[in-house]
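I am keeping these notebook entries to record what I looked up in the structure, going from the whole chain down to single residues.

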Amino acid sequence: MYITCLDLEGVLVPEIWIAFAEASGIPELKRTTRDEPDYNKLMTWRLGVLKEHGLGLKEIQETIATIDPIPGAKEFLDELRSITQVIIISDTFAQFATPLMKKLGWPTIFCNSLEVAEDGEITGFKMRC
């Protein structure tokens, strides 16, 4: 038996933070792990930018709702799952990934989770590992 592992953003769907940067008009949020490989440092910085602009989970999820998988991604996953098990391993967050998983036919995903205050402010994150 084989298991195929894939990343999510940039492979099956567009980069979420880049889409949100464009939707919010905050170009500095286009930074990804390609620009800052230290994930903790990158996320701490992102959360600071969100706080500075008064943005929270609701605004990011509104952008995510407009994101569609890359053309052919769902069909690719469907075909791949017909011959092997598939797991998506991503540095995204469950709160970001769930609507995208629905559009991709609910593949298995291992990802991180956000800590969110009652008012929707993202206050931190928990790494999957």
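**Entry 1: burial and surface.** I looked up burial to begin with, and 41% of the 129 residues of the protein chain count as buried, where buried means under 20% relative accessible area, exposed over 50%, and partly exposed in between, with a 1.4 Å probe and protein chains only. The model is predicted, so I note that local features need pLDDT of at least 70 and side-chain atom pairs count only at pLDDT 80 or more, while totals for chains, interfaces and linings use all residues. Residues are numbered from 1 along each chain as its sequence is written, and side-chain values use heavy atoms, with hydrogens and water left out. The protein chain exposes about 7200 Å², and carbon and sulfur atoms supply 55% of that area; accessible areas come from the Shrake-Rupley method with a 1.4 Å probe, and for residues only the protein chains shown count as cover.

**Entry 2: the chain as a whole.** I found five helices and four strands in the protein chain, taking helices (H or I, at least four residues) and strands (E, at least two) as DSSP runs numbered from the N terminus. Read from the N terminus on, the elements follow the order β-α-α-α-α-β-α-β-β. The radius of gyration is 15 Å, close to the 14 Å that the globule rule gives for 129 residues, so the protein chain is as compact as a globular protein of that length; the radius is taken over C-alpha atoms, and the rule is 2.2 Å times the number of residues to the power 0.38. Of the contacts with a separation of 6 or more, 59% come from residues 24 or more positions apart, a contact being heavy atoms within 4.5 Å.

**Entry 3: the sheet.** I then followed the strands, and the four of them form an open sheet in the order S1-S2-S3-S4 with mixed pairing, where two strands pair if DSSP finds at least two bridges between them. Strand S1 (3–6) and strand S4 (122–126) stand at the edges with a single partner strand each, so one side of each has no neighbour in the sheet. S1 pairs with strand S2 (residues 85–93) in the parallel sense over four bridges, and Thr4 stands opposite Val86 in S2. Helix H5 (residues 94–103) lies across S2 and strand S3 (108–116), running at about 135° to S3; axes are lines fitted to C-alpha atoms, for helices over the stretch in contact, and angles run from 0 to 180 degrees between N-to-C directions.

**Entry 4: three residues.** Is Asn112 buried or exposed? Asn112 lies in strand S3 and counts as buried, at 4% relative accessibility. Its side chain reaches the backbone nitrogen of Arg128 at 2.7 Å, and, not counting residues up to four places away in sequence, Asn112 touches several residues, including Tyr39, Ser90 and Lys126.

I looked next at Cys5, which is found in strand S1 and counts as partly exposed at 45% relative accessibility. Leaving aside neighbours within four places in sequence, Cys5 is in contact with Ile87 and Ile89, whereas Cys5 and Ala19, 14 residues apart in sequence, are 24 Å apart in space, C-alpha to C-alpha.

Finally I checked Trp106, found in the loop between H5 and S3, which counts as exposed at 53% relative accessibility. Phi of Trp106 is near 60°, a positive value in a residue other than glycine.

Terms used
Polar contact = N/O pair within 3.5 Å; in protein donor to acceptor, adjacent residues only side chain to side chain.
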